[in-house]
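Please keep the structure open while reading.

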Amino acid sequence: MPIVAQSTETTDWVSRFADEVIEESERRASGAAKSVATAPVVVVASGLSPSGPIHLGNLREVMTPHLVADEIRRRGYTVRHLISWDDYDRYRKVPAGVPGVDDSWAEHIGKPLTSVPAPKGSAYPNWAEHFKAAMVKALAELGVEYDGISQTEQYTSGVYREQVLFAMKHRGDIDAILDQYRTKKTPAKKQQGQKPVDEAELEAAEGSGAAAEDDGSSGSAGYFPYKPYCGRCEKDLTTVTAYDDDTTELSYTCTACGHFETVRLSEFNRGKLVWKVDWPMRWAYEGVVFEPSGVDHSSPGSSFQVGGQIVGIFGGKQPIGPMYAFVGISGMAKMSSSKGGVPTPADALQIMEPQLLRWLYARRRPNQSFKIAFDQEIQRLYDEWDKLAAKVADGAVLPADAAAYARAVGTAAGDLPRTPRPMPYRTLASVADITAGAEDQTLRILSELDPENPLTSLDEVRPRLDKAETWINTQVPAEERTVVRDEPDTDLLKSLDDQGRESLRLLLEGLDSNWSLDGLTHLVYGVPKVQAGFSADATPKELPPEIKVAQRTFFALLYHLLVGRDTGPRLPTLLLAVGQDRVRKLLGA
């Protein structure tokens, strides 16, 4: 039996995959290792195409193997997490909405991504490096340890030369496998009851190398699994017209510019294997044991299924490859890296801490879809995250939830930097909304939330405060922002009946003795109770349903008097933010 140094927690999906990967790695190494120290290096892989913004759906391609690799590292094994930057892929189309890019970029379609100019104003030398840079920074912030591999460098330096020559020599075997799937045509019409194809899901495939690429170069000379990039125009709109296995002389023509050339493939480094051959070749070359793939890869006839047969030609084995589901954005459509403006990991990390983003990927099995909130839902997600942290601290948490939390807050290398005093995100957002970023006012308000343990510096609530402030400034529409009134609404105050005036009097009388977050919460909920003849401490079970109606009416009155709307930030936070003197003025004291 192979040695599997299991962690203390084996009930979550990450641990289960780690068990499988370790066993498979040792099986491939011709027998079980006698100890963790003598076990083979475990190789997991991800692939990312910097064809445009690398979005949060693509991040699952990285986070799934990262979490598994990290669990294996925690058990003492040596792991390599490879990220193949597919920067030698062809430039397919000009993505919409990308700053600094116009229709003139269409002239570069067909070139390698590293031969396409970066958007105007970019500090990077080419298209691929421009879009790779933001992802590299985000992965560092997320604590993802990996070995990056540029496919441009691999191909142009001749690293894969023997694999290319081998594939060309065995092109008949490869063609026979591919031909099994070429005859399976996709129905032209949607069957009754079938869900319509989501174009965004199809386009999302382009971010992972799964786009509708041809199987190779087929012409009068036969099939070839290799595409040269033209020596004149650099595009891959080429057809191989002849190839000699003995001399490795290859001739091709370019349909884009008419260029014709004969080269010796044993010395030629300006081209690549087509995707359905390139991927399994890399599995064999790198010894990959684990690599997930999106829904687009996992259907019948997909590149993962076909690759499982082609990899044997190269003497390798197909990795364990769980399918991962799409990632959505709360309030938005599914993401596609072929379109500009889609949320990226860098965008998410501007409004949420790395721990929360890691948790969203860790807590769901790869085949479960989930959404990442950029709207008001982010406040609820943070509430849920903070409750989980409290349960972990108290030891009152389910094992799988504890495992997901541990994977979120740190890696085998140690914990990620965290906010020293994590106040509720919704509170920080409300304060940032009201103060418009004024640090002195922000510190005053936050220090009054808990008078017995006052905040002394905003550094105690950073970076969470900064994330909440960015969310307010970038994701909350201007019409939803909170603007405190400058002067009292005298017309509304004059129109109040006796009950309305009494409710304001009770609130104002209690401000001094309840000036804290908890105290004001008790006060604003308690005023309608007292007016109805109950104790301010009465629980919901002791109260009639009408009290909730009275509370909502009272809250709406306060919002109108303070901010001129029916709703706003939580009232206790709003009152603290406005300050006692201004509250008294606006409530007509």
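T239 has T253 in β8 as its bridge partner. This is a predicted model, where local features need pLDDT of at least 70, side-chain atom pairs count only at pLDDT 80 or more, and totals for chains, interfaces and linings use all residues. Residues are numbered from 1 along each chain as its sequence is written, and side-chain values use heavy atoms, with hydrogens and water left out.

β7 and β8 pair in the antiparallel sense over five bridges. Two strands pair if DSSP finds at least two bridges between them. Helices (H or I, at least four residues) and strands (E, at least two) are DSSP runs, numbered from the N terminus.

The sheet is open, has three strands in the order β7-β8-β9, and pairs antiparallel. β7 and β9 are the edge strands; each has a single partner strand, so one side of each lacks a neighbour in the sheet.

| Strand | Residues |
|---|---|
| β7 | 238-243 |
| β8 | 249-254 |
| β9 | 260-264 |

Now the pocket. The second largest pocket has a volume of about 520 Å³. A pocket is an open set of points on a 1 Å grid over the protein atoms alone, where a 1.4 Å probe fits, with protein on both sides within 12 Å along at least five of seven lines; lining residues have an atom within 4 Å of a point. Volume is the space filled by probe spheres set on the points, which are joined across faces, edges and corners.

The lining of this pocket counts 23 residues, and P53, A134, T344, A346 and D347 lie nearest its centre. α3 (127-141) and α11 (345-351) each supply at least two lining residues. α3 gives the most, with eight.
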